[in-house]
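Subject: Structure handover and notes

Dear colleague,

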Amino acid sequence: MAASAPLHAQSGGDAGFDAYVQSLWPKAQAQGVSRATFDRVATGLRYNARVVALDRDNLGSPPNPNTPIPAFAPYRVKHVDAARIGGGRRVHDRLLPLLSRIEQRTGVPTSIMIAIYGHETAYGQVTGSFDLPEALATLAYEGRRRSLFEPELIATMVMVEQGVPRQVLKGSWAGAFGYPQFLPSVYLRVAEDGDGDGVARIWSSEADAIESIGSYLRNAGWRAGQPWGVAVRVPDGFNRARYANRLQPTRCPRVFDRHSRWRSMAEWRADGITPVGGRWPGDHVQATLLEPDGSGKTAYLLTGNYRAILDYNCSNFYALSVGLLADEIDR
């Protein structure tokens with residue numbers, strides 16, 4: 001009965017919540033968690049109504065596919081601003097020897113890793129203060145996205161079993177933590193030790209955090225030597241319908257529906273697409289066209305490496321701003 005606890009608990013620390021958490025012991029044990037570790041993580045957890053309120057505010061109603069997507073330009077002004085650019089350049093210069101070694105191992109450009117670091121936590125300044133197991137237990141018990149949050153709660157127990165200190169499990173209300181804002185399952189899958197001390201301390205070591213960002217993007221399919229994309233101009237009279245994507249996206253449809261079908265850079269250039277600036281990728285590189293603010297505004301040809309950034313956060317605005325911030329850091 002605990003596993004089918006009410007979807008909307010009304011008070012902190014109630015018996016239903018406590019019973020639900022204790023019901024997870026067999027699943028945690030199956031993942032190699034000892035009883036001592038389970039108790040260390042689970043003891044004292046309380047239902048956090050603030051977490052649920054934030055989740056409801058974030059989710060809102062199911063998105064209406066007919067709701068217009070806002071313009072990208074205001075988002076860009078806010079997220080690729082002087083503070084992030086200046087801060088990114090300073091962090092990049094300070095960590096350049098380390099970054100260069102990580103780029104050699106992962107193939108991910110130094111500026112891309114720093115741009116993600118900047119977007120996720122303002123270069124380590126804003127990492128979240130919620131108790132991670134408590135937030136995840138609350139979201140799992142609340143129930144709407146139990147299939148996501150319950151495994152993440154168990155993943156925190158696996159982390160502690162593997163030696164991560166219980167007290168460092170602090171992060172966002174939604175379960176992301178550390179400088180790269182990884183979910184616990186992502187930490188277990190891709191986190192790497194960048195400073196050689198044997199532990200991937202993404203919550204306190206910039207070397208570990210940036211190594212882990214590079215590891216994530218490499219695993220997401222980043223191809224060394226290719227840019228994320230390039231800003232372009234689309235000529236008047238360009239037939240966009242001719243190159244519309246006919247495939248049905250299996251995830252993030254509002255993101256991928258805005259992309260054209262894949263074509264080579266040579267094919268795009270033959271149709272009059274010209275770069276605004278930056279390095280034009282090789283003729284063989286495949287790219288999709290995205291016009292985030294509509295026709296007549298700056299457009300982008302996006303390579304497969306842009307898809308790796310989308311894997312980190314499936315938002316065109318996020319991925320574009322990461323790429324553009326990286327370009328500014330490189331200047």
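I begin with T121, which at 1% relative accessibility counts as buried (buried means under 20% relative accessible area, exposed over 50%, and partly exposed in between, with a 1.4 Å probe and protein chains only). Before going further, please keep in mind that this is a predicted model, in which local features need pLDDT of at least 70 and side-chain atom pairs count only at pLDDT 80 or more, while totals for chains, interfaces and linings use all residues. Residues are numbered from 1 along each chain as its sequence is written, and side-chain values use heavy atoms, with hydrogens and water left out.

T121 has its place in helix α8, where helices (H or I, at least four residues) and strands (E, at least two) are DSSP runs numbered from the N terminus. Leaving aside neighbours within four places in sequence, T121 is in contact with V126, T127, G178, Y179 and Q181, contact meaning heavy atoms within 4.5 Å. By C-alpha atoms, T121 and A231 are 26 Å apart in space and 110 residues apart in sequence.

Two residues deserve a look at their backbone angles. Most residues other than glycine have a negative phi. A122, although not a glycine, has a positive phi of about 50 degrees, and this residue is found in the loop between α8 (110–121) and β1 (130–131). With 29% relative accessibility, A122 counts as partly exposed. Q181, one of the contacts of T121, likewise is not a glycine and has a positive phi of about 60 degrees; Q181 lies in the loop between β2 (170–171) and α11 (184–190) and, at 15% relative accessibility, counts as buried.

As for the chain as a whole, the secondary structure comes to 16 helices and 7 strands. The radius of gyration, taken over C-alpha atoms, is compared with a globule rule of 2.2 Å times the number of residues to the power 0.38. The protein chain has a radius of gyration of 22 Å, close to the 20 Å that the rule gives for 331 residues, so the chain is as compact as a globular protein of that length. Along its principal axes, the C-alpha trace spans about 65 × 50 × 35 Å, and buried residues make up 50% of the 331 residues. Among contacts between residues at least 6 apart in sequence, 70% join residues at least 24 apart.

Turning to the strands, 5 of them form an open sheet in the order β4-β6-β7-β3-β5, with antiparallel pairing; two strands pair if DSSP finds at least two bridges between them. At the edges stand β4 (263–264) and β5 (274–275), each with a single partner strand, so one side of each is left without a neighbour in the sheet. Strand β6 (residues 286–290) pairs with strand β7 (residues 299–302) in the antiparallel sense over 3 bridges, and in β7 the bridge partner of L290 is Y300, while that of L289 is L301. The pairing of β4 with β6 is also antiparallel, over 2 bridges, and here the bridge partner of S264 in β6 is Q286. β6 is mostly covered, in that 4 of its 5 residues are buried.

Finally, please look at D330, which has its place in helix α16 (residues 316–330) and is partly exposed, with a relative accessible area of 49%. The C-alpha atoms of D330 and R89 are separated by 7.8 Å, although the two residues are 241 residues apart along the chain.

With best wishes
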